[in-house]
Amino acid sequence: MKRLLLAVGMFLSINSLVWSENLISNSGFEFGEEKEIKGWNFPKSEAVRIERDSVVKAEGKYSLRLSLAEGTTPERLEELKGTSPWFWGVNATSEFYVKGNRFYRLTGWAKTTNLIPSTHTKIQLSFKKDDGSWIKGGKGYWLSTEENKDWTRIETIFKTPAEATRGYITLWLVVNRIEKDKLPVVWYDDLSLEEFIPPFPTGKSWVYPAYQKGQGGDITDDKDSPLGKVWKIRLGIDKPGAKISGAVITDQPPGIYEVTYRLKVADNSTEDFVAFLHTKVSDGIFDVWQIGSLDIKGTDFKEPNKYQDFTFYFLYGTGTSLQYLCTWYGYTDLWIDTITVKQLKAFTDEDILDYITIPLEKKK
Ligand SMILES: [Ca+2]
């Protein structure tokens with residue numbers, strides 16, 4: 001059905017949007033044996049339960065189900081975290097070929113149950129150079145963290161690093177904490193990764209000062225800012241998790257956007273994530289979801305104490321408002337200056353039909 005929708009979409013908007021073939025192998029998890037899922041690598045550990053599910057699925061006969069081993073207790077989870085420093089969840093990875101400096105569009109479906117704060121679902125995209133070495137950075141796309149979320153559409157676009165030749169998609173269930181007898185589970189299905197040729201910018205752009213609104217941190221004067229004022233979050237004074245929550249924007253038209261955050265840090269030596277940039281959409285009634293995000297490591301900054309631009313892309317289809325946010329992880333002083341939003345394409349009604357985040361039951 002999705003193919004058909006895409007085909008119709010391509011017919012309607014052939015001049016502006018072009019897709020290519022799906023780069024993810026076994027993207028609907030239809031192929032595999034009992035302990036093997038064709039095209040996917042995952043830890044063969046007794047601690048986790050990773051399998052194809054023939055009961056809960058969005059498309060075809062199977063989905064991918066990620067969880068901890070049946071009967072895992074909160075104490076057992078602590079033990080796992082204690083003995084295996086690498087253990088922060090359950091994941092499966094697939095490899096694909098990419099070209100550098102190109103746009104790709106990832107779509108798919110995910111469903112969750114028993115998620116609590118400290119557990120979440122995440123799709124990580126990592127890249128290697130031709131010589132096999134890893135490229136720093138990568139992209140993290142975080143899905144909703146709500147407790148029980150029925151099949152929800154995954155939709156994101158990203159740009160590959162210039163030297164990338166191979167990409168890796170890792171589907172995560174990140175587990176830091178569980179409740180007794182309530183094992184968190186995530187199902188993924190019907191993934192698609194396609195090269196995407198974005199349209200030219202429309203010329204419309206918006207600049208938001210970061211200093212408008214925040215929790216933790218303060219407004220401070222900064223001569224390096226074009227506006228003269230920035231939001232500053234300080235190590236040892238503010239609590240990790242402090243964030244700026246930009247203005248709630250109700251008049252941004254549906255479209256494809258490029259968003260750039262201007263940031264600086266006091267110390268760029270840490271390999272740890274120092275900030276998480278994200279864009280959230282609300283439907284004005286009860287649901288909030290994320291449409292774009294970027295994890296930033298200390299080492300992603302070329303120099304300390306110097307502003308640097310960080311850019312990601314998103315599609316804004318439905319929703320009544322959106323908000324630009326930045327969460328601080330507490331490793332070094334962080335200054336947040338402006339957030340600049342550039343419209344690459346304004347959606348037509350036909351485009352919205354293609355891109356809209358729709359519940360699966362409505363899609364069928
Ligand atoms: Ca499937």
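**Strand 23 and its surroundings**

Strand 16, which covers residues 229-233, runs antiparallel to strand 23 and is joined to it by three bridges. Within this pairing in the predicted model, K232 has W335 of strand 23 as its bridge partner. Strand 23 itself spans residues 334-346 and is also joined, through five bridges, to strand 13 (residues 205-209), the two strands again running antiparallel. Here the bridge partner of P209 in strand 23 is T338. A further antiparallel pairing links strand 23 with strand 18 (residues 255-265), and this pairing contains ten bridges; one of the residues involved is I256, whose bridge partner in strand 23 is K345.

At least three residues of the core come from domain 1 (18-198), and at least three come from domain 2 (205-347). When neighbours within four places in sequence are left aside, the residues in contact with L334 are I233, L263, V265, V274, A275 and W328.

Another strand residue considered here is T152, which lies in strand 10 (residues 149-159). T152 is classed as buried because 22 other C-beta atoms lie within 10 Å, and the cut-off for this class is 20 or more. Although T152 and A110 are 42 residues apart along the chain, their C-alpha atoms are separated by 5.4 Å.

In general, most residues other than glycine have a negative phi. N26, however, has a positive phi, near 50°, and is found in the loop that connects strand 1 (18-19) with strand 2 (32-33). D181 likewise has a positive phi, in this case near 60°, and is found in the loop between strand 11 (166-175) and strand 12 (185-197).

D181, by contrast, is exposed, since 9 other C-beta atoms lie within 10 Å of its own.

Methods: Residues numbered from 1 in each chain as written. Predicted model: local features only at pLDDT ≥ 70, side-chain atom pairs only at ≥ 80, totals over all residues. Helix = DSSP H or I, 4+ residues; strand = E, 2+ residues; numbered from the N terminus. Buried ≥ 20, exposed ≤ 12 C-beta atoms within 10 Å, placed from the backbone. Pairing = 2+ DSSP bridges. Domains from an automatic or database assignment. Contact = placed C-beta atoms within 7 Å.
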